[in-house]
Amino acid sequence: NAANPFETEFPEIYELGVEEEELANFVAVKIGDLNLDAETNGLIGDADDRSGLEDLVFNIEDQKLSAGQTYTVDVTAENFEAIRGFQLTWNVDHSMISVLEVEQGALSNFSEANYNLTANGQVPMSWNSDASERLSISDVAMRIIIEAKADVNLSEAISISSSLAKAEAYSESDLMNVSLNFTNNGITVQSEVFELYQNQPNPFRDATVVGFQLPAASEVRLEIYNVSGELLHVEVGAFARGYNQFDIDASDLPSGVLYYHINTATDSDSKKMIIVK
C-alpha cells in the first residue's frame, strides 16, 4: 500500500522442519540499509573507492585472554561527531573466542536488534539514530561480552570487515570508513590486520566474491589454481586500506575444487573454493 507502506506486517522468519524438503518462496528485504546501496545477492557491483574518506575509528584495549574465561570488552570511538548511523561486521575467529552478547553503552537506542550472532563467528551490526550523536573518546560506545576458547591476544581474534554488512558510517553530511584500532594504555599497538575471507557464495556456479582486509593501501594480486597447481586466472588491482573484494566470473573456470591465493607486498594467504556447473 503506497499510501501506508507499514500497513502490511511482513514475516521475517521461516522455519523448516529437520526432515522437511521444500523450497521457501520468498522475497528478501534488506533491513537497515541507510543509504540504499546494499547488494543483496553479494555478486554485483564493484568495490567503492574510499581512499579519500574520513574514518570513524573504534578502539579496543588489547589484552591476553585465558581459555575458559569470560571478558567484557569496552569499545570506544574516535571521530564520533554528528554521526547518524553506522554498519559493520565483527569478524571473530570462532576457534579462539565466542561472542556471547553485545551490551549498550553510550549509544542511544542500542539493543540486540542491532546485531546478529551468526553461527560462523561473524557478527553483522547496524545502528542509526533519528538525531545525530556525539561521543567523546572516553565514552564506551558498546560492550562486547566474549568467552575465550584459547590462550590468545584479543587483537588476534577479532577484527572489523564488510563481509556481511559493509563497514561504513554516516555523519550529517558525509560517508565515512569504519576501522578498528587496538590500544595498550591508550597507545595504538595494532590497526586492522591482513585477512583473506572465504569466498561467498561457496560452492558457486556463475560468480563469487573474494573479500580481503588490508592494513594499508596496497597493490593486490589474485591467482586461482586447479588441484594440479596450474594457474587459471590472475587479477591485479590497487586497493585502499580496509575491506576490499575481487568479483570473480566463473565462465572461464572449470568445475571442481580450485585454490585462490592473495598476495601483497607484505602479506599473502590462500583458501579453497568449489565451482559446481
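This is a predicted model: local features need pLDDT of at least 70, side-chain atom pairs count only at pLDDT 80 or more; totals for chains, interfaces and linings use all residues.
Numbering runs from 1 along each chain as its sequence is written, and side-chain values use heavy atoms, with hydrogens and water left out.

Back to threonine 89, which sits in strand S4; strands are DSSP E runs of at least two residues, numbered from the N terminus. Threonine 89 has a relative accessible area of 0% and is therefore buried, a label for values under 20%, with exposed over 50% and partly exposed in between, using a 1.4 Å probe and protein chains only. Leaving aside residues up to four places away in sequence, threonine 89 touches several others, including Gln122, Pro124, Ser161 and Leu164; contact here means heavy atoms within 4.5 Å.

Next, the nonpolar cores, each a set of buried Ala, Val, Leu, Ile, Met, Phe, Trp, Tyr and Cys residues joined through side-chain atoms within 4.5 Å. The largest has 40 residues, and Phe58, Phe86 and Trp90 touch the most other members. Among the elements giving two or more residues to this core are strands S1 (55-61), S4 (83-92) and S11 (175-184). A second, separate core has 19 residues, including Phe212 and Ile262.

Now the aromatic pairs. Rings of Phe, Tyr and Trp (its six-membered ring) pair if their centres lie within 6.5 Å; planes under 30 degrees apart are stacked, over 60 edge-to-face, and the rest tilted. The whole structure has 8 such pairs. One of them joins phenylalanine 212 and phenylalanine 246, tilted, at 5.5 Å centre to centre and 35° between the planes. Phenylalanine 212 is in strand S14 and phenylalanine 246 in strand S17, so this pair ties together parts 34 residues apart in sequence. What is the geometry of phenylalanine 239 and phenylalanine 246? Their ring centres are 5.1 Å apart with the planes at 75°, so the pair is edge-to-face. Both phenylalanine 239 and phenylalanine 246 are buried.

Elsewhere, Phe58, Phe80, Phe86 and Trp127 make up one aromatic cluster.

Technical notes:
Helices (H or I, at least four residues) and strands (E, at least two) are DSSP runs, numbered from the N terminus.
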